Amino acid sequence: MNPSATFTDTGKAAKAKDLPEAARDATALSKQSATSGQALDSTLADARMIYQKISASIGSVMRGQAVSTRRLLAALASGGHVLLEDYPGTGKTTLAKALARSIDAAFKRIQFTPDLLPSDILGVSVFNQRDQTFSFHEGPVFSNILLADEINRASPRTQSALLEAMAENQVSVDGTRRALTHLFFVIATQNPIEFRGTYPLPEAQMDRFAMQFDLGYISPSDEVAVLTAQAEKHPVESVEACVTMMDVMRLKEGAQNIRMSEELKHYVVKLVGATRQTPGVQLGASPRASIALMKAAQALALFDGQEFVNPEHVHEIAGPVMAHRLVLEPQAKFSGVTARQVVDEIVKRVPVPV
């Protein structure tokens with residue numbers, strides 16, 4: 001036995017016992033805070049690593065689309081849905097497929113057409129003559145990632161079948177409420193130049209999408225790389241799942257743990273509120289836009305390895321979050337003003353909190 005060791009331990013115990021109660025509480029609270037801080041740092045680091053894995057997997061297929069990939073994953077991490085609007089052949093469907101293949105989750109695709117019915121999306125109850133009972137057959141909406149391809153080709157009745165699912169994560173069929181999975185992510189696409197046989201999405205449904213953005217044309221060098229990659233087969237066929245559905249839930253949890261100051265929250269509300277008072281805007285952004293802007297900014301801060309949101313994160317995502325929710329007056333449209341220009345002007349005009 002080592003007497004000195006025994007003496008030292010006893011002395012530490014005596015010192016701790018002699019401390020005032022308030023001091024002992026403060027010491028315990030300090031240790032608890034340090035442990036909690038380390039756990040939070042570990043959670044954020046794991047979430048950022050998950051983002052990097054998915055981003056790298058998509059990047060192996062989508063050349064020159066780092067910004068679009070970042071926005072898409074920000075919507076995924078914030079729990080929102082995405083509307084991709086761009087010209088044919090720019091890779092909208094490929095981007096959705098690359099994301100779905102990168103995650104070990106259920107993926108369904110719906111090709112929207114004028115004769116598509118709501119039951120083709122939600123599901124239908126089928127009568128079993130032998131048992132004299134109805135059994136419900138789930139539709140594609142009961143999945144984790146749903147690709148609604150060319151959503152504006154379906155009738156308004158069919159489009160509205162997604163409203164409840166996107167807003168409340170549930171569907172009501174035959175008077176029965178059916179919950180969807182915890183991870184339910186809608187990626188819808190539409191072409192802005194096609195007007196024949198299409199039905200523009202109403203404002204209520206546009207507001208359900210957390211973001212709307214385009215992919216744009218890639219650089220000539222990236223396009224040459226695309227030609228080389230698809231010489232034998234499409235590279236999306238080689239993509240394998242690099243994360244699980246639980247990893248995606250950790251990604252969402254990490255985004256929720258990013259701090260946002262009260263000053264920045266007021267700034268977000270001012271930005272969204274300014275759209276309702278700007279001349280030439282008939283309908284401004286709703287409070288749902290404020291929530292989407294806050295959560296998307298938190299996701300971007302997580303991707304950048306920061307524990308708090310900066311004004312730059314809000315500026316980066318303001319256009320994709322707010323522009324598609326605005327309805328411009330006819331005079332403003334005829335003069336060439338776009339919703340994105342209105343949002344950019346508001347971002348420049350509203351003072352940034354110090």
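This is a predicted model: local features need pLDDT of at least 70, side-chain atom pairs count only at pLDDT 80 or more; totals for chains, interfaces and linings use all residues.
Which hand does the crossing of helix 12 and helix 13 have? The crossing is right-handed.

1. Helix 12 with helix 13. Helix 12 covers residues 287-303 and helix 13 covers residues 311-322. The two pack at an angle of about 135°, and their axes lie 9 Å apart. That angle makes helix 12 oblique to helix 13. On the side of helix 12, the contact is made by Ala289, Ala292, Leu293, Ala296, Ala297, Leu300 and Ala301. Helix 13 contributes His313, Val314, Glu316, Ile317, Ala318 and Val321. Sorted by class, this contact has 11 nonpolar residues, 1 polar and 1 charged.

2. Helix 11 with helix 12. Helix 11 runs over residues 262-274 and packs on helix 12 at about 135°, with the axes 9 Å apart. Helix 11 and helix 12 are therefore oblique to each other. Helix 11 passes helix 12 in a right-handed crossing. From helix 11 come Lys265, Val268, Val269, Leu271 and Val272, which meet Ala289, Ser290, Leu293 and Met294 of helix 12. The residues of this contact divide into 7 nonpolar, 1 polar and 1 charged. Ala289 and Leu293 are listed here and also in the contact with helix 13.

3. Helix 3 with helix 12. Helix 3 is made of residues 66-78, and its axis comes within 8 Å of that of helix 12. The axes cross at roughly 115°, and the crossing is right-handed. Arg70, Leu73, Ala74, Ala77 and Ser78 of helix 3 meet Lys295, Ala296, Ala299, Leu300 and Phe303 of helix 12. By class, the contact of helix 3 with helix 12 has 7 nonpolar, 1 polar and 2 charged residues. Ala296 and Leu300 belong to this contact and to the one with helix 13 as well.

4. Five strands form an open sheet: the model has 5 strands in the order 3-6-9-1-10, with parallel pairing. Strand 3 (107-111) and strand 10 (211-213) are at the edges; each has a single partner strand, so one side of each is left without a neighbour in the sheet. From one strand to the next the twist averages 15°.

5. Strand 3 with strand 6. Strand 6 consists of residues 145-149 and pairs with strand 3 in the parallel sense over 5 bridges. Within this pairing, Arg109 has Leu147 of strand 6 as its bridge partner.

6. The structure holds 10 salt bridges. One of them joins Asp149 to Arg109, with the closest N and O atoms 2.6 Å apart. Asp149 lies in strand 6 and Arg109 in strand 3, so the pair ties together parts that are 40 residues apart in sequence.

7. The hairpin of strands 4 and 5. Strand 4 (residues 123-128) and strand 5 (residues 133-138) pair in the antiparallel sense over 6 bridges. Gly123 stands opposite Glu138 of strand 5. The hairpin has 4 residues between the strands, and Gln132 takes a positive phi near 60°.

8. The hairpin of strands 7 and 8. Strand 7, residues 170-173, pairs with strand 8, residues 176-179, in the antiparallel sense over 4 bridges. Val173 is opposite Thr176 of strand 8. In this hairpin 2 residues lie between the strands, and Asp174 in the turn has a positive phi of about 55°.

Note on methods. Residues are numbered from 1 along each chain as its sequence is written. Side-chain values use heavy atoms; hydrogens and water are left out. Two strands pair if DSSP finds at least two bridges between them. Axes are lines fitted to C-alpha atoms, for helices over the stretch in contact, and angles run from 0 to 180 degrees between N-to-C directions. Angles under 35 degrees count as roughly parallel, over 145 as roughly antiparallel, 65 to 115 as roughly perpendicular and the rest as oblique. A crossing is left-handed if the near helix is turned anticlockwise from the far one by less than a right angle, and right-handed if clockwise. Contact means heavy atoms within 4.5 Å. Ala, Val, Leu, Ile, Met, Phe, Trp, Tyr, Cys and Pro count as nonpolar, Asp, Glu, Lys and Arg as charged, and the others, Gly among them, as polar. A salt bridge is a side-chain nitrogen of Lys or Arg within 4 Å of a carboxyl oxygen of Asp or Glu.
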